[in-house]
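Please look over the sequence and the three-dimensional structure shown below. The paragraphs that follow lead through its parts one after another.

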Amino acid sequence: AGQPGAAHRLCGGSAVSIRSFREAGQDCRRRRTKGCRGFTPPAPTLYPECRAMTNPLGLSADAKERRKRFITASDAKPIMEGAWPELWRRKMGLEEEENLDDELRVQMGSMTEPFNLFWFEKREGRTVSYYSDNEIARACWLGLTGRHAEAEWVTAGEDYPWMGCSLDALSDTRKGFPCVLDAKHVGQWKYDELVLRYTPGMVHQAICAGVNYWALAVFVANS
C-alpha cells in the first residue's frame, strides 16, 4: 500500500478528504448498504503546478494557423500519394483541417510520446533532445529526465523556405550521425507498412533539420 500523502499530492485532494472517504466507506460497510447516500466528498484542490496539466492535448489556434503557411511533414505523405489538390484546398482555407483533438489513437500517441523517447534513450544509450510546445508533454519529459524540452517548430531555411515541421526529437544513429527521431504508438507491427507510411514525413523532417538520417521509436500496443 502506498503512503496516504502520495495520494493527495498526485490527485490534488487533501488528507482530510482521504480520511473522509475511508471513514465513509467504513460507515457504509457497517450499515451494509451499497452506497453512502448522505456523504458528499469535499471538492479537490488543484495546485498551480497541476492546473496546467488539465489543458487538453491538441494544436493551439496559433499552431494551426502556422501550419497553413508551410508544407509540413504530415503533408508529405498525401503529396506523394497524389492527394495534393485536397491539401491545397485546406491550405487555402477552402476546406477545414481535420480536427484530431478527440481521436483516441492520436491523443494516446501524444501522451506516450515523452515516455517513448525517454525509453529510447534509456535502452539505446543515445541522448535525445526532445521538442514540444505542449505543457503536459514538457512537464512529463522534465519529470522523466530532469531536462527541459525545446520549442518544437523548425523550418528548412533559405533553400526551402516553404518547408517547416514540428520535431519530436533529435538524436544520433548507432554510428554517431545526427538524426531526427519520431515517436510512434501503433496497434500492430508491420515493418513494410510503417516504412511506407512514415518515410515521406521523416525525409521532410530531416531536410528541415539539416541532417541526413532519421529514425523511429515505435511502441506496438503495450510492447
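A salt bridge is a side-chain nitrogen of Lys or Arg within 4 Å of a carboxyl oxygen of Asp or Glu. By this criterion, the structure contains eight salt bridges. The model is a predicted one, in which local features need pLDDT of at least 70 and side-chain atom pairs count only at pLDDT 80 or more, while totals for chains, interfaces and linings use all residues. Residues are numbered from 1 along each chain as its sequence is written, and side-chain values use heavy atoms, with hydrogens and water left out.

The overall architecture comes next. The protein has nine helices and six strands; helices (H or I, at least four residues) and strands (E, at least two) are DSSP runs, numbered from the N terminus. Of its 223 residues, 32% are buried. Here, buried means under 20% relative accessible area, exposed means over 50%, and partly exposed lies in between, with a 1.4 Å probe and protein chains only. A contact means heavy atoms within 4.5 Å. Among the contacts with a separation of 6 or more, 60% are accounted for by residues 24 or more positions apart.

How do helix H5 and helix H6 cross, and at roughly what angle? The axes of H5 (residues 73-80) and H6 (residues 84-91) come within 8 Å and cross at roughly 140°. Such axes are lines fitted to C-alpha atoms, for helices over the stretch in contact, and the angles run from 0 to 180 degrees between N-to-C directions. H5 contributes Asp-75, Pro-78 and Ile-79 to the contact, and H6 contributes Trp-84, Leu-87 and Lys-91. These residues divide into four nonpolar, no polar and two charged. In this grouping, Ala, Val, Leu, Ile, Met, Phe, Trp, Tyr, Cys and Pro count as nonpolar, Asp, Glu, Lys and Arg as charged, and the others, Gly among them, as polar.

The salt bridges can now be considered individually. One of them joins Arg-89 and Glu-95, whose closest N and O atoms are 2.8 Å apart. Arg-89 is partly exposed, at 29% relative accessibility, and Glu-95 is likewise partly exposed, at 32%.

Another salt bridge links the side chains of Glu-121 and Arg-147, at 2.8 Å from N to O. Because Glu-121 lies in helix H7 (residues 104-124) and Arg-147 in the loop between helix H8 (135-145) and strand E2 (153-155), the pair ties together parts that are 26 residues apart in sequence. Glu-121 is buried, with a relative accessible area of 16%, whereas Arg-147 is partly exposed, with 31%.

A further salt bridge, at 2.9 Å from N to O, is formed by the side chains of Glu-124 and Arg-126. Glu-124 counts as partly exposed at 32% relative accessible area, and Arg-126 counts as buried at 15%. Salt bridges with shared partners connect Glu-124, Arg-126 and Arg-174 into one network.

Other residues have polar contacts, meaning a pair of N or O atoms within 3.5 Å; within protein, one must be able to donate a hydrogen and the other to accept it, and residues adjacent in sequence count only if both atoms are side-chain atoms. Asp-182 lies in strand E5 (residues 178-186) and is buried, with a relative accessible area of 5%. The side chains of Asp-182 and Lys-184 are joined by a polar contact of 2.9 Å. Leaving aside residues up to four places away in sequence, Asp-182 touches Asp-168, Met-202, Gln-205, Ala-215, Leu-216 and Ala-217.

Arg-197 is found in helix H9 (residues 191-209) and is partly exposed, at 36% relative accessibility. Its side chain forms a polar contact of 3.2 Å with that of Tyr-198. Apart from residues up to four places away in sequence, Arg-197 touches Lys-77 and Val-186. The C-alpha atoms of Arg-197 and Lys-77 are separated by 7.2 Å, although these residues are 120 residues apart along the chain.

Asn-134 occupies the loop between strand E1 (129-130) and H8. Asn-134 is buried, with a relative accessible area of 18%, and its side chain reaches the backbone nitrogen of Ile-136 at 2.9 Å.

Finally, the cysteines may be examined. How many disulfides does the structure hold? The number is zero, a disulfide being a pair of cysteine sulfur atoms within 2.5 Å. Cys-140 is partly exposed, at 28% relative accessibility, while Cys-179 is buried, with a relative accessible area of 1%.
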